[in-house]
Amino acid sequence: MIDLRRHNANFCSEHFTKFCRDQDSRTIEEFDMLSPGDRVLVAVSGGKDSLALWDLLIRLGYEADGLVIGLGIGEYSQSSTGYAQRFAEARGLNLEYVDMEQRYGFDIPTGARAAKRAPCSACGMSKRHVFDEVTMAGDYDVLVTGHNLDDEAAVLFGNVMHWQTEYLGRQWPVLEAGSGFPKKAKPLIRLGEREMAAYCIVSGIDYVVEECPMSKGNKHLGYKEVLNEMELRQPGAKADFYLGFLRRAASVWRAEAQTGRSELGRCASCGAPAGGEICAFCRLVERATGAEPVTLGPTRVRSS
Ligand code: Q46
Ligand code: ZN
């Protein structure tokens, strides 16, 4: 029995998977995320959210390939990539693989140190660049990511706390293609972390459980703890906070985010959208290639 306090309901396995499929398809329709016949690319990490999302989309009848990035974060990257590969192989699905070291000449620990950026900042920016590049090069109609309700509520919490209004505008769960970006969507925004873990268990999806060793200090983990505390006292608080924002406030900042996008030029090196002559990712590549490799724990993560 799966108990969802937020919905004041208990589900058996069969009705729970149906509940997740219904929540997903309702979100896709409401926000016009996907159209029948779209070629979809799922950004896959090997974790529960992205594998559950891929599974849900296939069951809903979408043509969806996966993309996994070899970030070079020691054994964690090898292990999480392995889960994604086994998931795809078992279902006969197509999984694209991009290895940061092979394609761009650096891994995330080395890149973050060389650029003096927090690991998650260098990693997030690199992933966004690779997602965009592969989506556009592969002629996919839309890139989908496994951000769930807990993720989006935590990001919103941080954006509101610091009144980052441009980011608030970008929290709409669909960003249309344009200004050099592919269409992007987050179909899991109505499903929480606990629900996604339960979905994987009842659907027989094996996923990486370990946390990324570079996530320590990530401020969103702190926001999640605060929101989990709220949710315990007040079931449904996260959904009210985030879905209420989408209904009642997001439109205030969406235009600002669009304007920011359309003002971007093109990177002289890779052609991606850029605020200056060279995009932030190419600047990272410049600083990281040839830098002294960083070793994580017992595993040497980059050989020069
Ligand atoms: S992989 Fe990368 Fe995450 Fe690890 S370094 Fe941070 S962003 S925590 S989803
Ligand atoms: Zn560039």
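Helices and strands here are DSSP runs, helices of at least four residues and strands of at least two, numbered from the N terminus. With that in hand, a few places in this structure can be named. One caution before that: this is a predicted model.

I'll start with Asp32. Where is it? Asp32 sits in the loop between helix H1, residues 13–30, and strand S3, residues 39–43. Its phi is near 55°, a positive value in a residue other than glycine. For background, most residues other than glycine have a negative phi. Lys116 also has a positive phi, about 55°, and is not a glycine either. Lys116 belongs to the loop between helix H5, 108–115, and helix H6, 119–137.

Next, helix packing. Two packed helices are described by the angle between their axes and the distance between the axes. Take H2, residues 48–59, and H3, residues 74–91: their axes come within 11 Å and cross at roughly 15°. Angles under 35 degrees count as roughly parallel, and therefore H2 and H3 are roughly parallel to each other. The crossing of H2 past H3 is right-handed. Which residues make the contact? From H2 they are Leu51, Trp54 and Asp55, and from H3 they are Tyr83, Ala84, Phe87, Ala88 and Arg91. Sorted by class, the contact of H2 with H3 has 6 nonpolar residues, 2 charged ones and no polar ones.

The second pair is H10, residues 219–233, with H11, residues 237–248. Here the axes come within 7 Å and cross at roughly 115°. On the H10 side, the contact is made by Leu227, Asn228, Met230 and Glu231; on the H11 side, by Ala237, Lys238 and Phe241. By class, that contact of H10 with H11 has 4 nonpolar, 1 polar and 2 charged residues.

Last, the zinc ion, ligand 2. What are its protein donors? They are the SG atoms of Cys267, Cys270, Cys279 and Cys282, lying 2.3 Å from the zinc ion. Along the chain, these donors follow the spacing C-x2-C-x8-C-x2-C. Cys267 lies in the loop between strand S9, 265–266, and strand S10, 273–274, while Cys279 lies in the loop between S10 and helix H13, 280–288, so this pair ties together parts that are 12 residues apart in sequence.

For reference, the ideal angle for four tetrahedral donors is 109.5 degrees.

Notes:
Residues numbered from 1 in each chain as written. Chains lettered and ligands numbered in written order. Predicted model: local features only at pLDDT ≥ 70, side-chain atom pairs only at ≥ 80, totals over all residues. Heavy atoms only, no water. Axes fitted to C-alpha atoms, helices over the stretch in contact; angles between N-to-C directions. Parallel < 35°, antiparallel > 145°, perpendicular 65-115°, else oblique. Left-handed = near helix turned anticlockwise from the far one by under 90°. Contact = heavy atoms within 4.5 Å. Nonpolar A, V, L, I, M, F, W, Y, C, P; charged D, E, K, R; others polar. Donors = N, O, S within 2.8 Å, 3.2 Å for Na, K, Ca; no water.
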